[in-house]
Every structure is written in structure tokens, then in C-alpha cells.
Amino acid sequence: MTTGAGPTPCDLLIEAGWVVPVVPHGVVLEDHAVAVRDGAIVAVLPVREARERFTAGEVVSRPRSALIPGLVNAHTHNPMTLMRGVADDLPLMEWLQGHIWPVEGAVIGPEFVADGIALSVAEMLRGGTTCANENYFFPDVQAAVYKKLGFRARVGLPVIDFPTAWAQSDDEYFDRAIEVHDQWRDDPFIATAFVPHAPYTVSDASFERIRMLSDQLDMPVHLHTHETQHEVDESRKIHGQRPLARLDRLGLVNDRLVAVHMTALDDAEIAQCAERGVTVVHCPESNLKLASGFCPVGKLEKAGVTLAIGTDGCASNNDLDMFGETRTAAQLAKAVAGDAAAFSAASALRAATLGGARAVGFEDRIGSIEPGKRADLACVDLDRLETQPLHHVISQLVYACGRHQVTDVWIDGAHKLRSGELADLEPAALVANAREWRARIARIRID
């Protein structure tokens, strides 16, 4: 007996050899489809059933590919992509104070920020990344460019204890932060967070203002902390406390804290992060390149801390490759823990998707392939020789796959990368623009 009702209309039906929804954890759905309407996922079901149930405006069939949630880069300085390779093979403070800050001082401004983000968005889309947790100056420009390009982002509102091109005083940093927050508070793609640079560059008074505003506005606080043992030692000399203890004294160790790097932690601090709901963003390749230390990912995972993965900026990484970053995170965690079972492939993929969504505060809308969430998705061709033979889909995605295998990307159901081609950005123009910035930066003298 039939009801007589016909198929349900939808805008898009993506058919994949494997759908990796991330929720439930570690599950792979073979020969499944995802139906999308008005930018949202409306169903995840076997391909045969999908063809009977839905009539789609567009059908994308990828029978030898895995469909995954769009990757979330949980810590970025994307305008700094224009500084890729400027100062390599140097220790953190020499790199930062002797090279990066002087170059930034000479070039930073709205044009630098806009051009750097456009280049970054193109690179991220080509690697399956659909959302970034941004930490840089000129957040008004950042937000406008991300919005124009249809890229999801949480944009940081900077606070630092010295004048910059963005603000000249403590009051100006906060006044401008509130202006940007108010402008974007209701946008579906763009949100804001406070991004005090680090405990060693932000005063107690500024942290107290951040805590008050974070509570009032329900905004995350995203900062570098416990990045190196040197930072911890200096904090004890200057403040009589380790950085996390100081942040706790100031009321900031809570479920709004997004703590980046976290290489120098003791067991009590790990337990405190778990108890308070702190999210830890692991940036393994930047930490390795700057010899900053090793984040104890295995211990954090066992304690129940939410983990996310970020590339950091291209000046210290030097790419925005979340596939490479996720592989490094999984492998390094095993070496640090002395346990080959630590931070499994499935856990690493979850950190790069749902963990990042939680860090950004978007877990209600992205990070997993579930009905009701937005259709931020990436399709990965697993039929390449580099991922054959295919014994285990999630293992191949984490341990063997490269970003060159990403064929299609959608954000909010819009096709941003189609069969490897960018929909809204012109690579040749981006490359020409990057070369112009390279020439400008090359003329800067650092005394």
C-alpha cells in the first residue's frame, strides 16, 4: 500500500562511497548519501533509499570517495600567510621579537589583512577546511573578507599591552573590540572572541576586563598559553604563579577558555582543564618547528579534555594543511605518550572536525554530519594510488591521505570547490598578489 506521496525535494544530494559522520565516533557508513536543503543537512541514508526518497536539484556522485565534515582549523593567523618563510629555523622569541613583529610593523594594515585572508581561504578550501578560528589584528577587515567569501570563521578581537596599527591604548583595544562584536553579533557565518595575545603580553587589568566582558557577552577567550617551558618559568618569576594559575586567579579558567599550544603542563593542570571544560588546541607542527615543546595529548584525552587541532600561522608552520597537521598530531601523541594506541585515527579526525567546532563554539551547527547541522562538508578521493589498498577508511584519511585528494567542498550547502576547482577565487590572481607582497616584504630592513 502506498500513500501516493512523491519524493521530497532537496537542493543537493551527495552520494559517497563512504560517509564518515564523526558522530557516532569511529563509524563509517558505506554507500551513503547526504541530502541538503536550504544549506542544512536533512538526511543521512543509504544511496538507494536516498534516490527513492528525494528529488534533488543537483546530484553529486562520488562512489570512490569519503565524505567528511569540513575540517576546522582551530588556531590560525591567516593574514600571516603573506609572511610564509620570512624567518625560518629560529627559536620562538628570536623569531617573534627579532623578525615577525618588525616585519608586521612595516606592512600590517587593512590591505595586508584582506589579501592574506583571501590567499588563506583558497588554500584552506583546497585542503578541505571550511572554518577557521582566527587570531590577528584588524578583525573588522577579517570579518568582512570571510563573509564576502562565504567562509565560516570566529574572528579574534585582539588585546595586547603595547600600541599597534590596530589600537594605541588599552581603552582603544576594548572600544574597537566591542564595535566589531556588535557589528557581527547576529551573523550566521561570523562570530567573535577575545584574543589576548598571551599571558606574558597582557596585564592583569586587561585580563580582568576580558573576563567581565566574556561573561556578559558569552564570548570565548582564545589565547596562546603554556607554549614553552620558558614562558612558565618567567611567569613564576614575575607573577609568582604558573600562567594557568594566574589565569585561574583572574577567573578565566572555564568552559569559554580556548587554550592554544599547552606544551608545559603538569598533571594537576590537566585535571583542572578537564574539570573546568577548557578546550585545548594542539598545533603540533608549529610547536615542532619552533622547538616549543610537546603537548601531552594522550593525557589530555584520557582526562576528558576537548581537543582541537590548528595549524597556527604560515609564518611558523608553514602551511594550512589540516590533513598533514592531523597526521602529525596523531603520530606525535603516540611518541610523547609512549603508547601506540594513544590518540587513535578516529580521535584525531574528531579533533580536526567536531573538536574544532567546539573550540569555535559552533558545535551546534558544524563538525559532524547529522540532520539539522549546516552542510559544511568535504569530499576526499580515496581511489588514488596513495590510499590503496583501502582496508580502513578513517586510518587512510588520517595516516595516508593528502590534501591534494580533496575534490569537493561545501559551506552551508554552497559548492566552494568543485572537482578540484575553486568556485569564487582565481588562483592566478592570488599568486600574482602574493608575489607583490613578497617584493614589499623583501625591501624591509630589520636592524
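Tutor: First, a term: helices (H or I, at least four residues) and strands (E, at least two) are DSSP runs, numbered from the N terminus. This is a predicted model, where local features need pLDDT of at least 70, side-chain atom pairs count only at pLDDT 80 or more, and totals for chains, interfaces and linings use all residues. Residues are numbered from 1 along each chain as its sequence is written, and side-chain values use heavy atoms, without hydrogens and water.

Student: How many cavities of 30 Å³ or more does the structure hold?

Tutor: Four. On a 1 Å grid over the protein atoms alone, a cavity is a set of points where a 1.4 Å probe fits but cannot get out; a pocket is an open set with protein on both sides within 12 Å along at least five of seven lines; lining residues have an atom within 4 Å of a point.

Student: How much space lies in the largest cavity?

Tutor: About 310 Å³. Its lining has 23 residues, and His77, Leu96, Trp101, His197 and His224 lie nearest the centre. Helix H2 (92-107) and strand S7 (152-159) are the elements that give two or more residues to that lining. H2 has the largest share, with six residues.

Student: And the second largest cavity, how much space lies there?

Tutor: About 50 Å³. Its lining includes Val20, Pro24, His25, Leu349, Arg350 and Ile394. Helix H13 (residues 345-360) supplies the largest share of this lining, three residues.

Student: Why does the second largest cavity lie between domain 1 and domain 2?

Tutor: Because both give residues to its lining: domain 1 is 8-69 + 369-412, and domain 2 is 71-360. Those bounds come from an automatic or database domain assignment.

Student: New topic. What volume does the largest pocket have?

Tutor: About 550 Å³. A volume here is the space filled by probe spheres set on the grid points, which are joined across faces, edges and corners.

Student: Which residues lie nearest the centre of the largest pocket?

Tutor: Arg154, Asp218, Pro220, Gly361 and Phe362, out of 29 lining residues.

Student: Which elements each supply at least two residues of that pocket's lining?

Tutor: Helix H5 (170-184), strand S8 (190-196), helix H9 (267-276) and H13. S8 gives the largest share, three residues. H13 also lines the second largest cavity.
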